[in-house]
Amino acid sequence: MKAATYVAYGSSEVVQIRDVPEPVPNDDEVLLRVRAAAINPLDWRMMRGSPSAFRLLYGGLRKPKARPGRDVAGEIEAVGKSVTAFKPGDAVFGACSGACAEYACAAESRLAHKPPGASFEQAAAVPVAGLTALQGLRDFGRVGRGDTVLINGAAGGVGTFAVQIAKSFGAEVTGVCSTRNLEFVRSIGADSTVDYLAQDFTKGERDYDVLFDCVVNHRLDEYRGILRPNGVCVIVGAPKHLSTVGLLKYLVVPKLLSRSDGQRFVTFITKMNERDLPAMADLMTSGEVTPVIDCVYPLSETARAIAYVEGGHARGKVIIVP
Ligand SMILES: NC(=O)c1ccc[n+]([C@@H]2O[C@H](COP(=O)([O-])OP(=O)(O)OC[C@H]3O[C@@H](n4cnc5c(N)ncnc54)[C@H](OP(=O)(O)O)[C@@H]3O)[C@@H](O)[C@H]2O)c1
């Protein structure tokens, strides 16, 4: 089968389409005919092998062991012996390794049935970005009705889900984006917007119950002035250029800034789980969340798609179709 592979660490030329053996599912896995995959910043970070801690996590000294693509939507071709929730022919979405390919294996626990009204491209957009927004706002931000929420990076893969999910929780949402995206961010539900090209939101008059930061382009202590006394800053993103020391600092500083009786700063890693993929399917079915797709590339252009996401200005999600 055809699959996107990394042939080394480096810029997007290292992403090449190769013939690789079709994967064979383990007992707890299904074999999927991939109908759509989505690109995440993780794909270019893995391609760059930077910070170098990523090389320890994702393998090889000379090249990543994994192949591009975490988010997948497709049809089940075969199921492992212990799989009970799915059968061949089912349309599903979720997470796997090497989704930018004609076929992929995925664990049963990392999949859910695709909502019938959603396309494969829309479903593939959801897993990493949608669950990051859901878990960040619900579990760490504890966003509720009437809360004021600022989303930094509102036009991106995670941000477009965060705006819609925060609205579905009854929050009043402010989205930070560039001039060209102001109207777009309002169109997906933001009550107000801040143009980061014209204004620094950390110096604004307003304060917020939750800051949801997908960009991390400010020092975290700059947030104190716009975070309410018991507010939470949920740090989702990481600075683009991140050393291993920077990565450690980014994990430690939020803990140092948090006060037991006041403002909290949290970082977290999204967990793919059996509860939240169906929760996202429900939000899509009810119409509260519609995945935003910036563009769709054929599998043969996976390198271009990853380079585009690395550019840092995707509007919603970038999709690959085999
Ligand atoms: N914690 C986790 O488990 C987890 C999971 C998923 C993702 N992440 C991280 O979360 C971050 C966001 O991911 P993503 O998928 O949303 O990335 P993305 O889609 O690549 O984000 C692109 C968006 O960022 C916006 N942007 C760029 N510079 C900005 C600035 N200075 N201020 C405000 N917005 C700006 C762009 O809007 P404009 O075009 O308007 O500039 C664009 O829409 C990444 O660092 C990613 O690694 C973490």
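Two strands are taken to pair if DSSP finds at least two bridges between them. In this predicted model, strand 5 (residues 91–95) and strand 7 (residues 111–113) meet that condition, pairing in the antiparallel sense over three bridges. Within this pairing, V92 stands opposite H113 in strand 7. Strand 5 also pairs with strand 4 (residues 71–79), again in the antiparallel sense, here over five bridges. Strand 5 is mostly covered, four of its five residues being buried.

A further set of six strands forms an open sheet with parallel pairing, and the strand order is 10-9-8-11-12-13. Strand 10 (192–195) and strand 13 (264–267) stand at the edges; each has a single partner strand, so one side of each is left without a neighbour in the sheet. On average, and with direction ignored, neighbouring strands of this sheet are turned by 15 degrees against each other. Strand 8 (residues 148–152) runs parallel to strand 11 (residues 208–213), and four bridges join the two. N152 is located opposite D213 of strand 11.

Helices are placed against this sheet. Helix 5 (residues 157–168) lies across strand 8, strand 9 (172–177) and strand 11. The direction of helix 5 is at about 170 degrees to strand 8. Helix 7 (residues 244–257) also packs on the sheet, where strand 12 (227–235) and strand 13 are the strands touched. Between the directions of helix 7 and strand 13 the angle is about 160 degrees.

Helix 7 contributes to a pocket as well. The second largest pocket holds about 320 Å³ of space. Its lining comprises 15 residues, of which R219, L220, K249, Y250 and V253 are the closest to the pocket centre. With six residues, helix 7 gives the most to this lining. Sorted by class, the residues lining the second largest pocket are nine nonpolar, three polar and three charged.

S50 and P51 are joined by a cis peptide bond, with omega at about 0 degrees. P51 is found in the loop between helix 1 (41–48) and helix 2 (53–58).

Positive phi values in residues other than glycine occur at R142, where phi is near 45 degrees, and at V216, where phi is near 55 degrees. R142 belongs to the loop that runs between helix 4 (127–140) and strand 8. V216 is part of the loop between strand 11 and strand 12. The relative accessibility of R142 is 57%, so this residue counts as exposed, the cut-off for that class being over 50%. V216, by contrast, has a relative accessible area of 12% and is therefore buried, a class that requires a value under 20%.

Technical notes. Residues numbered from 1 in each chain as written. Predicted model: local features only at pLDDT ≥ 70, side-chain atom pairs only at ≥ 80, totals over all residues. Heavy atoms only, no water. Axes fitted to C-alpha atoms, helices over the stretch in contact; angles between N-to-C directions. Contact = heavy atoms within 4.5 Å. 1 Å grid on protein atoms, 1.4 Å probe; cavity = no way out; pocket = protein on both sides within 12 Å on 5 of 7 lines; lining within 4 Å. Points joined across faces, edges and corners; volume = space filled by probe spheres on them. Nonpolar A, V, L, I, M, F, W, Y, C, P; charged D, E, K, R; others polar. Buried < 20%, exposed > 50% of the residue type's maximum accessible area, 1.4 Å probe, protein only.
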